[in-house]
Amino acid sequence: MTTRISPSLSGKEDVEKETGIIPCFRCGVCCTGRQVHLDLVEARRLCDGLGLNWYVFLSNYVDPKWSNYNSFLLRQQDGACILLKNTDVPHRKVCIAHMFKPSACREWSPSLHRRECQQGLAKDWGLMVDTEGKLCGSDEKIRLFKIYLESLNTAGCSETYVETEGIKRYDSERFENRREESI
Ligand code: SF4
Ligand code: SF4
């Protein structure tokens, strides 16, 4: 059995043994330490979504060490994907290309089984996941984490969106507990 944590605290099933599913709590670990590959179509779509000139995109967002005209690697900045930005909410990061991010990112789903999500839990919340997939930590830490999850599901939650080339591009949509809504 593994543990599922619902983003809603309205019901008593907020922590539920099931499949390891967890809402993305936006720690950003999965966007750190790896570079995302794009084919030309994805690169063009990302460039358009960011509202950038193609050559600005190539100069500033693509890793120059990857020389290929048909495929690209997103550049890293400070050890993380260049599109990952901090918000004004502690522990909460955001992908500024969320609405048009590459397929490799859309296909990624958060899970309590994933090493990256476990690292985020440990780093930001001091929580562990045991061999049965159950969250481990003090009652207070788990309580704070649940409150945080609830805040992800709150309509109208505001964040500071970082500008890209002077353009604010992130939509403040609600994050729902769906795969495509991960970071
Ligand atoms: S989700 Fe966004 S920030 Fe994270 S690796 Fe993908 S493009 Fe970069
Ligand atoms: S998918 Fe997991 S590791 Fe990636 S940002 Fe979400 S919670 Fe963190």
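Q: Which residues have the most contacts inside the largest nonpolar core, and what makes a set of residues a nonpolar core?
A: This is a predicted model, in which local features need pLDDT of at least 70, side-chain atom pairs count only at pLDDT 80 or more, and totals for chains, interfaces and linings use all residues. Residues are numbered from 1 along each chain as its sequence is written, while chains are lettered from A and ligands numbered from 1 in the order in which they are written. A nonpolar core is a set of buried Ala, Val, Leu, Ile, Met, Phe, Trp, Tyr and Cys residues joined through C-beta atoms within 7 Å. The largest has 25 residues, and Leu38, Leu46, Leu74, Cys81 and Leu83 have the most contacts inside it. Helix α1 gives the most to this core, with four residues.

Q: Why are the buried residues of α1 said to line one face of the helix?
A: A residue is buried if 20 or more other C-beta atoms lie within 10 Å of its own, and exposed if 12 or fewer do (C-beta atoms placed from the backbone). In α1, residues 40-50, the buried ones are Ala43, Leu46, Cys47 and Leu50. Seen down the axis, the buried residues of α1 fall within an arc of 100 degrees, so they line one face. The face turned away from that side carries exposed Val41 and Asp48.

Q: Against which elements do the buried residues of α1 pack?
A: They pack against β3 (37-39), α2 (54-61) and β4 (71-73).

Q: Which residue takes a positive phi just after α1?
A: Glycine 51 does, with a phi of about 70 degrees.

Terms used:
Helix = DSSP H or I, 4+ residues; strand = E, 2+ residues; numbered from the N terminus. Arc of directions from axis to C-beta. Contact = placed C-beta atoms within 7 Å.
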